[in-house]
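Hello,

Here is the structure I promised to pass on. Have a look at it, and then read on for what turned up.

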Amino acid sequence: MTYLATNPLFHGISPETLSRDFDGIVSHLRMFRKGDILARQGDVCNRLMILLKGSVRGEMIDYSGRLIKVEDIIAPRAIAPLFLFGADNRYPVEVTANEATEVFEIPKESVLKLFRRNEKFLENYMNLSANYARTLA
């Protein structure tokens with residue numbers, strides 16, 4: 001779990017505590033090549049994706065059909081954490097790997113379990129989401 005310790009979502013949580021909290025939690029490590037699509041615009045966001053290595057870009061197609069680059073996300077950051085929850089939790093952008101990329105994925109149900117197990121993780125998640133929402137506004 002030391003590879004998660006550098007991620008802002010787990011700031012202030014020891015690797016030992018992370019290992020304990022992740023016991024029995026479903027998660028996956030996935031590798032993507034440059035140009036691979038991690039999520040399509042409009043897909044249901046049903047997992048938390050944490051970028052461990054590499055970078056991705058978020059692009060969307062506007063109403064006139066033009067492709068607009070929204071942002072580059074560089075490890076170690078979460079990808080679209082705001083959109084994991086809500087009534088219409090869909091990716092607002094297409095997420096594409098800029099280079100060889102490693103992503104740690106946690107299904108939504110497992111994220112909820114982690115919230116119950118570790119209040120610091122919940123606090124970090126809420127703070128990051130609030131800061132991101134403020135940036136969007």
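Where does asparagine 118 lie? Asparagine 118 sits in the loop between helix H2 (108-117) and helix H3 (119-136); helices (H or I, at least four residues) and strands (E, at least two) are DSSP runs, numbered from the N terminus.

Before going further, a word on the ground rules. This is a predicted model, in which local features need pLDDT of at least 70 and side-chain atom pairs count only at pLDDT 80 or more, while totals for chains, interfaces and linings use all residues. Residues are numbered from 1 along each chain as its sequence is written, and side-chain values use heavy atoms, with hydrogens and water left out.

Asparagine 118 is buried because its relative accessible area is 9% (buried means under 20%, exposed over 50%, partly exposed in between, with a 1.4 Å probe and protein chains only). A polar atom of its side chain lies 3.0 Å from the backbone nitrogen of phenylalanine 121. Leaving aside residues up to four places away in sequence, asparagine 118 touches Ile13, Thr17 and Asp21 (contact means heavy atoms within 4.5 Å).

Next, strand E8 (residues 101-107), where seven of seven residues are buried. Thr101, Val103, Glu105 and Pro107 are on one side, Glu102, Phe104 and Ile106 on the other, and both faces are covered. Strand E8 runs antiparallel to strand E1 (residues 28-32), joined by five bridges, and antiparallel to strand E3 (residues 47-53), joined by six bridges; two strands pair if DSSP finds at least two bridges between them. Arginine 30 has valine 103 of E8 as its bridge partner, and lysine 53 stands opposite glutamate 102 in E8.

Histidine 28 also belongs to strand E1. Histidine 28 counts as partly exposed because its relative accessibility is 41%. Histidine 28 touches Val103, Phe104 and Glu105, again not counting residues up to four places away in sequence. The C-alpha atoms of histidine 28 and phenylalanine 104 are 5.8 Å apart, although 76 residues separate them along the chain.

Finally, the surface. Met60, Ile68 and Val70 make a nonpolar patch of about 200 Å². Methionine 60 is placed in strand E4 (residues 55-61), and it counts as partly exposed because its relative accessibility is 30%.

Do write back with any thoughts.

Best wishes

How values were computed: Patch = residues over 30% accessible without salt bridge, like charges linked within 9 Å, V, L, I, M, F, W, Y side chains within 5 Å. Areas by Shrake-Rupley, 256 points an atom, 1.4 Å probe, with all protein chains shown as cover. Salt bridge = Lys/Arg side-chain N within 4 Å of Asp/Glu carboxyl O. Polar contact = N/O pair within 3.5 Å; in protein donor to acceptor, adjacent residues only side chain to side chain.
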